[in-house]
Amino acid sequence: MAISILPGLSLPDSELEVSYILASGPGGQNVNKVATAAQLRFDAARSASLPERVRMRLLEIAGSRATRDGVIVITARRFRTQIRNREDAIERLVTMIREAAHRQAFRVPTRPGRAARARRMDGKSHRAGIKRGRAAPRED
């Protein structure tokens, strides 16, 4: 089965590796017996389902969650059940991939026009006049 990320972009389950580890926090008597925290590992550097641009940006976004080998490790321990933690980890990975796939709009830097520069200079000179008027009178 594949996880749908965006139209035309999906991730096969075979590329995800989920293991369960002991979680800290609330859980009563089960906290030390049942491994409920999910640790998801996704080899982003070798993923065949991601385009090169998305792959590079994903590793950039992952930051410290990515190993030197390009494996993204996400640990989910928010919930008390394995299933909910697994879903949470997958959802967090999907959110990261969506963010990586989003193209930034190309921005053409602009410069202020002549009228805008004139308004700015007029404002500055007006303000300088106000401050000059507050100064103590000089004795000549």
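The model is predicted, so local features need pLDDT of at least 70 and side-chain atom pairs count only at pLDDT 80 or more, while totals for chains, interfaces and linings use all residues. Residues are numbered from 1 along each chain as its sequence is written, and side-chain values use heavy atoms, with hydrogens and water left out. Helices (H or I, at least four residues) and strands (E, at least two) are DSSP runs numbered from the N terminus.

**Sheet**

- Three strands form an open sheet in the order S3-S4-S5, with antiparallel pairing; two strands pair if DSSP finds at least two bridges between them.
- Strand S3 (16–21) and strand S5 (71–76) are the edges; each has a single partner strand, so one side of each has no neighbour in the sheet.
- From one strand to the next, the twist averages 20°.
- Six bridges join strand S4 (residues 37–43) to S5 in the antiparallel sense, and Arg-41 stands opposite Val-73 in S5.

**Helix across the sheet**

- Helix H2 (residues 82–101) lies across S3, S4 and S5 and runs at about 135° to S5.
- Axes are lines fitted to C-alpha atoms, for helices over the stretch in contact, and angles run from 0 to 180 degrees between N-to-C directions.

**Ala-38**

- Ala-38 belongs to strand S4 and counts as buried at 1% relative accessibility (buried is under 20% relative accessible area, exposed over 50%, partly exposed in between; 1.4 Å probe, protein chains only).
- Residues up to four places away in sequence aside, Ala-38 touches Val-18, Ser-19, Tyr-20, Ile-74, Thr-75, Ala-76, Asn-85 and Arg-86, where contact means heavy atoms within 4.5 Å.
- Ala-38 and Ile-90 are 52 residues apart along the chain, and their C-alpha atoms are separated by 9.7 Å.

**Nonpolar core**

- A nonpolar core is a set of buried Ala, Val, Leu, Ile, Met, Phe, Trp, Tyr and Cys residues joined through side-chain atoms within 4.5 Å.
- The largest one has 25 residues, of which Leu-11, Leu-16, Phe-42, Leu-58, Ile-72, Leu-93 and Ile-97 touch the most other members.
- Two or more residues each come from strand S1 (2–6), strand S2 (9–12), S4, helix H1 (52–62), S5 and H2, and H2 gives the largest share, eight residues.
- Beyond four places in sequence, the residues that Leu-11 touches include Ile-3, Ile-5, Phe-42, Ser-47 and Leu-93.

**Ser-47**

- Ser-47 sits in the loop between S4 and H1 and is buried, with a relative accessible area of 2%.
- Neighbours within four places in sequence aside, Ser-47 is in contact with Leu-11, Glu-15, Phe-42 and Arg-55.
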